[in-house]
Amino acid sequence: MNLWSSRFKKSLNETADEFNSSLSIDGRMYYEDITGSIAHAKMLGETGIIPKEASKKIISGLKEILEDIESGAVQIQNAEDIHMFVEALLTKRIGDVGKMLHTARSRNDQVALDTRLFTIKQTKEVISLLKEFINAITDKAQKSLDAVMPGYTHMQRAQPITFAHQLLAYAAMLLRDAERLSDSLKRTAVSPLGCGALAGTTYPIDRNATCKELGMSEPSFNSLDGVSDRDFCAECAFCLALTMTHLSRFSEEIILWCTSEFGFIELDDAYSTGSSMMPQKKNPDMAELVRGKTGRTYGNLFSLLTILKGLPLAYNKDMQEDKEALFDSFDTVKKCIEIFIPMLDTLKINKEKMRKAASEGFINATDCADYLVKKGLPFRSAYSVTGKLVAYCIDKGYTLETLPIKIYREASELFDEDIYKNISIEECLKKRISFGGSSPENIKTQIEIINKKLASI
């Protein structure tokens, strides 16, 4: 029997009851629900709203229920939601005293609190995983400082970089993800407990006390907003979707680098699969799955925004749908990071293939133009001279490194023998001295910056 059934003359239709139940989803919040109830019961006793002995008995009963759930002695089942399950079990165990727990509280502020507490916990877990992942990236970068490769624009070879530089670009993205999630916590850690159904309560509750007890930053200052605010869900879902965007981009490059056409890396057998038909295949399925699972986090974000877009104040049952979308995004992101870290750690780098690719495609052409600029030629003129030299090389089968000095001097009298040193790949890397560039010293600086930022999150 539902706790609210005294108002009704008929029992809820069995199919409707099943449709209405959220226990399969919000059952995951049992810890948060019991923790919130303990804080509420403590406040009720301390303010004298219920007798202190009743408060103590309720708290003791709630702690026992929590222990039994976590040990497996109690199974969460046969209730409309986790809130009613806990309250009904409490009353069954300690008698009518358990019925005092819901004094000055509604399921509206209760579920809002549970969802916030659960979101805080999950957010912190994702941040911890992101920090671990970023550390794995910087470790790999440290080992790849000498792995020269071409950087790309439009998927065309553009300028020389190192594999370390490429990896640290993803570290920068994931660092922003961790910072965004960390910043979102201050908007999530607002306690709605005490807002009641929508208009507050007539009891002299102490909202600051429960707020402090639960480690929240402040109580919500408007009771209507307190029970209906799900901005934190949408914000978190966006942060998680953007994190998946970055994981998907990283996955895409890993998938490309694994191909025989690139051959820059090889994934460990433990993070690859084969074909049921083609014995030669070694597929980057983990990276492909990360790329594929990105779409579901986008869908979750859009679901949340759509649920919220037309809701009048205050609480509406539509909000029951917020948790499945948000929880799925948390689960998806955590699983993807957990598989990505060892996949990255165990992959092998083919430095020879990377270096060969870097020596092709005229990725030192900009340095050739810069050589002329430093000798006094305006950049646009230098660009034009170099472009003609590249066209000549393509036509005659040369590279800029193998082009005879005679041809260089025919193009511009400013060229001298030192052009070959200036356009060597290693020299091109060393000269990228601007802050954030690809020189070896810059890479070390980037790692230092990442480590410093990580320590502050």
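The following conversation goes through selected features of a predicted model.

Biologist: Which residues touch the most other members of the largest nonpolar core?

Modeller: The largest nonpolar core has 76 residues, and Phe133, Ile137, Leu247, Phe250, Ile254 and Trp257 touch the most other members.

Biologist: Which helix gives the most to this core?

Modeller: Helix H6 gives the most, with 14 residues. At least two residues each come from H6, H7, H10, H11, H12, H13 and H19.

Biologist: Let us turn to the rings. How many aromatic pairs are there?

Modeller: The count comes to 13 aromatic pairs. One of them joins Phe163 and Trp257: the ring centres are 5.4 Å apart and the planes meet at 70°, so this pair is edge-to-face. An angle over 60 degrees is what places a pair in that class.

Biologist: Where do Phe163 and Trp257 lie?

Modeller: Phe163 lies in helix H7 (residues 163-188) and Trp257 in helix H10 (residues 231-258), so the pair ties together parts that are 94 residues apart in sequence.

Biologist: Is Phe163 buried or exposed? And Trp257, buried or exposed?

Modeller: Phe163 is buried, because its relative accessible area is 1%, and the cut-off for buried is under 20%. Trp257 counts as buried too, at 3% relative accessibility.

Biologist: What kind of pair do Phe250 and Phe340 form?

Modeller: Phe250 and Phe340 form a tilted pair, with 5.1 Å from centre to centre and 35° between the planes. Phe250 is in helix H10 and Phe340 in helix H12 (residues 322-346), so this pair links distant parts of the chain, 90 residues apart. Phe250 is buried at 1% relative accessibility, and Phe340 is buried at 0%.

Biologist: Which residues does Phe250 touch?

Modeller: Setting aside residues up to four places away in sequence, Phe250 touches Phe133, Ile137, Leu167, Tyr170, Trp257, Phe340 and Leu344. Phe250 also belongs to one aromatic cluster with Phe133, Tyr170 and Phe340.

Biologist: Which rings have a charged end sitting over them?

Modeller: The charged end of Lys121 sits over the ring of Tyr31, 5.8 Å from the ring centre. The charged end of Arg380 sits over the ring of Tyr383, at 5.2 Å from the centre.

Biologist: A change of topic: how does the span of H11 compare with what its 24 residues should give?

Modeller: At 1.5 Å a residue, H11 should span 34 Å, and its end C-alpha atoms are 36 Å apart, which agrees.

Biologist: Which residues of H11 are buried, and what covers them?

Modeller: The buried residues of H11 are Ala287, Val290, Thr294, Thr297, Asn300, Leu301 and Leu304. Their cover includes H10 and H12. In an α-helix there are 3.6 residues a turn, so residues three or four places apart point the same way.

Biologist: What about the backbone? Which peptide bond is cis?

Modeller: The bond from Leu313 to Ala314 is cis, with omega near 10°. Ala314 is found in the loop between H11 and H12. For background, most peptide bonds are trans, and most residues other than glycine have a negative phi.

Biologist: Which residues have a positive phi without being glycine?

Modeller: Ala104 is one of them, with a phi of about 65°, and Met155 is another, at about 60°. Ala104 is in the loop between H5 and H6 and is buried, with a relative accessible area of 9%. Met155 lies in the loop between strand E1 (148-153) and strand E2 (156-162), and is partly exposed at 48% relative accessibility.

Biologist: What does the side chain of Ser106 reach?

Modeller: The side chain of Ser106 reaches the backbone nitrogen of Asn108 at 2.9 Å. Ser106 lies in the loop between helix H5 (82-94) and helix H6 (107-142), and it counts as buried at 13% relative accessibility. Leaving out residues up to four places away in sequence, Ser106 touches Gly196 and Ala197.

Technical notes. Residues numbered from 1 in each chain as written. Predicted model: local features only at pLDDT ≥ 70, side-chain atom pairs only at ≥ 80, totals over all residues. Heavy atoms only, no water. Helix = DSSP H or I, 4+ residues; strand = E, 2+ residues; numbered from the N terminus. Buried < 20%, exposed > 50% of the residue type's maximum accessible area, 1.4 Å probe, protein only. Polar contact = N/O pair within 3.5 Å; in protein donor to acceptor, adjacent residues only side chain to side chain. Contact = heavy atoms within 4.5 Å. Phe/Tyr/Trp six-rings, centres within 6.5 Å; stacked < 30°, edge-to-face > 60°. Lys NZ or Arg CZ within 6 Å of the ring centre and 35° of its normal. Core = buried A, V, L, I, M, F, W, Y, C linked by side-chain atoms within 4.5 Å. Expected span 1.5 Å × (residues − 1).
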